Structures are given as structure tokens and as C-alpha cells.
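Colleague: Could you walk me through this model while I have it open? I'd like to start with the surface and then move on to the rest.

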Amino acid sequence: MNGKALPYLLLMPATLFLCVFFLYPFVLVAFEAVTRDGAFTVDNFRTMAGSWKFPATVRNTLLLATMSCRSNSPWRS
């Protein structure tokens, strides 16, 4: 066996696992998000952004992300 190929062969099971159980479902969900009846559409995103809860949700998400980044920052004083 070629010594240069060994690392790639050892990584293959983990790579296949990640592709089958993470990458493939992500692609399917992304495809479903932008299509309806086989045609491209952004209506799902318009519905989401038009919800009365959306601005508060985005604000809370950004606040949580900011607080999380600040508490884990190595430059925190």
C-alpha cells in the first residue's frame, strides 16, 4: 500500500459518515427551502420575514451571539 494514500484511507469512513448524515440532509433541506412544486421561489423566506415575531427574534439572536462572543473573547477585559 502506498504510504501517501494511507491518511486519506483512514479519513474516508469519517468523511463518508459526515457526507451521508450531515451534508446530504442539509442539501435536501436547502433545496426544499427555495423550491415549491419543483420551481424556484423565495416565498418561504418572504413569509418568515413578514412575520410579526421576526424582528424580535433577529434582535434576540444577535444579542445572544454578541454576548456569547464577548464572554468567550480572549481580549475580554
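Colleague: Which residues form a nonpolar patch on the surface?

Modeller: Bearing in mind that this is a predicted model, the patch is formed by Phe17, Leu18, Val20, Phe21 and Phe22, which together have about 530 Å² of accessible area. Phenylalanine 22 is located in helix H1, which covers residues 6-33.

Colleague: And what does the accessible surface of the whole protein come to?

Modeller: It comes to about 7,200 Å², with 72% of that belonging to carbon and sulfur atoms. Of the 77 residues, 3% count as buried.

Colleague: Let's go to the overall layout. In what order do the elements run from the N terminus?

Modeller: The order is α-β-β-α-α, made up of three helices and two strands. The radius of gyration is 21 Å, whereas the globule rule gives 11 Å for 77 residues, so the protein is more spread out than a compact globule. Along its principal axes, the C-alpha trace spans about 60 × 55 × 15 Å.

Colleague: Where is threonine 41 found, then?

Modeller: Threonine 41 sits in the loop between strand E2 (39-40) and helix H2 (43-50).

Colleague: Is threonine 41 buried or exposed?

Modeller: Threonine 41 counts as buried because its relative accessible area is 14%, and buried means under 20%. Leaving aside residues up to four places away in sequence, threonine 41 touches Ala33, Val34, Thr35 and Arg36. A polar atom of the threonine 41 side chain also lies 3.1 Å from the backbone nitrogen of aspartate 43.

Colleague: Which residue forms a salt bridge with aspartate 43?

Modeller: That is arginine 46, with the closest N and O atoms 3.0 Å apart. Both arginine 46 and aspartate 43 lie in helix H2, three residues apart, which is about one turn of the helix. In general, side chains of opposite charge can pair when their charged atoms come close.

Colleague: How exposed are the two partners?

Modeller: Arginine 46 is exposed, at a relative accessible area of 57%, while aspartate 43 counts as partly exposed at 31%.

Colleague: How many salt bridges does the count come to?

Modeller: The count comes to one salt bridge.

Colleague: Last topic, the backbone: what phi does aspartate 37 have?

Modeller: Aspartate 37 has a positive phi of about 55°, although it is not a glycine. Aspartate 37 is in the loop between strand E1 (35-36) and E2, and it is exposed, with a relative accessible area of 80%.

Key. Residues are numbered from 1 along each chain as its sequence is written. This is a predicted model: local features need pLDDT of at least 70, side-chain atom pairs count only at pLDDT 80 or more; totals for chains, interfaces and linings use all residues. Side-chain values use heavy atoms; hydrogens and water are left out. Patches are made of residues with over 30% relative accessible area and no salt bridge: like charges are joined within 9 Å, nonpolar side chains (Val, Leu, Ile, Met, Phe, Trp, Tyr) within 5 Å. Accessible areas come from the Shrake-Rupley method with a 1.4 Å probe; for residues, only the protein chains shown count as cover. A salt bridge is a side-chain nitrogen of Lys or Arg within 4 Å of a carboxyl oxygen of Asp or Glu. Helices (H or I, at least four residues) and strands (E, at least two) are DSSP runs, numbered from the N terminus. Buried means under 20% relative accessible area, exposed over 50%, partly exposed in between (1.4 Å probe, protein chains only). A polar contact is a pair of N or O atoms within 3.5 Å; within protein, one must be able to donate a hydrogen and the other to accept it, and residues adjacent in sequence count only if both atoms are side-chain atoms. Contact means heavy atoms within 4.5 Å. The radius of gyration is taken over C-alpha atoms; the globule rule is 2.2 Å times the number of residues to the power 0.38.
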